[in-house]
Amino acid sequence: RLSGKERRRRFSYDPARQLDLDDDHEEDQEVAGGPLGLEETTEHIPYRPKRYTEKEMLQRSVEFYRLMDQRRTVRFFSDDPVPLGVVQTLIKTAGTSPSGAHTQPWTYVVVQDFSLKHQIREIVEAEEEINYRKRMSATWVKDLEKFRTTWEKPYLDIAPYLIMVFKQTYGIGPNGERLNHYYSEISISISVGILLAAIQNAGLVTVTSTPLNAGPALRTLLGRPVNEKLLLLLPIGYPAHNATVPDLQRRELKDIMVLM
Ligand code: IYR
């Protein structure tokens, strides 16, 4: 194991050190597990995933597309319970995401407690009312009309779980030292994309809500540390029996792909 001093030297936040290209530090030859078990000495091991035939590949890609093309953002939830084990697996799946320097800069806070969900609703609705009335431009509010969204968010009470997605802007090491995180926003965005696919695959629904200005109050309510910033709030559950969605169309392949 590394000594506390050596650990601080390696993992403390020091922008100057990023420019230190001289890696000929004798002490760096030592074998040790960092906070993520990743060091310069990490072994590289063979990786040989199964290779499908072209026919199987085509079939699998079409099937996955069809599954994902059924995904819709849903704002009307059923209060039917969902097994916690399913949610745990969905979040483990999100945790398979790539991330900058494998820093895995995400925390998924899952709220099932009714009174906590209700407190979250009160904080979000209070901010959203100000957002819709004052902070968002008239054009923005008009652009949202077709989605029939308002500051009222009953789904925050009704959905069996609220997944609060926190971005770790930097890490905190075992001795309280600050660890660099790289590309944390794109990393967590990719992770959430994988989570959305997993939710769809499980037959559940969500809405990728972005509670503007409610982040700090929610962070405090949930007791999260200062290195974490709320990025998204994902209610998760079954859709309500009478759920509706706007009749939107997706752009066609020819309009989103350029082959050169
Ligand atoms: N965050 C608000 C407003 C909102 C903004 C966009 I951009 C949307 O695509 C949908 C809603 C809300 O959740 O109502």
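Two quick notes before we start. Residues are numbered from 1 along each chain as its sequence is written. We're looking at a predicted model, where local features need pLDDT of at least 70 and side-chain atom pairs count only at pLDDT 80 or more, while totals for chains, interfaces and linings use all residues.

Okay, the overall layout. The protein chain has 10 helices and six strands; those are DSSP runs numbered from the N terminus, with helices being H or I of at least four residues and strands being E of at least two. Of the 260 residues, 22% are buried. Here, buried is 20 or more other C-beta atoms within 10 Å of a residue's own, exposed is 12 or fewer, and partly exposed is in between, with C-beta atoms placed from the backbone. As for contacts, two residues are in contact if their C-beta atoms, again placed from the backbone, lie within 7 Å. Take the contacts with a separation of 6 or more: 81% of them are between residues 24 or more positions apart.

What does the record say? UniProt lists residues 70–238 as "domain: Nitroreductase", in an unreviewed entry. UniProt positions are in the numbering used here, feature names are shortened, and annotations may be inferred rather than shown by experiment. In our model that stretch is 40% helix and 18% strand, with its end C-alpha atoms 14 Å apart.

Now helix H3, residues 54–69. How does the span compare with what 1.5 Å a residue should give? The expected span is 1.5 Å times one less than the number of residues. For the 16 residues of H3 that should be 22 Å, and the end C-alpha atoms are 22 Å apart, so the two agree. The number of buried residues in H3 is zero, so this helix lies largely in the open.

Leu 156 is 79 residues away from Phe 77 in sequence, yet the C-alpha atoms are 9.2 Å apart. Beyond its neighbours within four places, the contacts of Phe 77 include Tyr 155, Ile 158, Pro 235 and Pro 239.

On to Ser 184, in helix H8. Buried or exposed? Buried, because it has 23 other C-beta atoms within 10 Å. Among the residues that Ser 184 touches, not counting those up to four places away, are Gly 100, Pro 105 and Lys 167.

The residues around it are Glu 128, Leu 144, Phe 147, Thr 149, Ser 209, Thr 210 and Leu 212, where near is a C-beta atom, placed from the backbone, within 6 Å. By class, that's three nonpolar, three polar and one charged. Ala, Val, Leu, Ile, Met, Phe, Trp, Tyr, Cys and Pro count as nonpolar, Asp, Glu, Lys and Arg as charged, and the others, Gly among them, as polar. From that shell, Phe 147 is in the loop between helix H6 (138–143) and H7, and it's partly exposed, with 13 other C-beta atoms within 10 Å.

Tyr 183 isn't a glycine, but has a positive phi of about 50°. Asn 213 isn't a glycine either, and has a positive phi of about 75°. Tyr 183 is in the loop between strand E4 (178–179) and H8, while Asn 213 is in the loop between strand E5 (205–206) and helix H9 (215–221).
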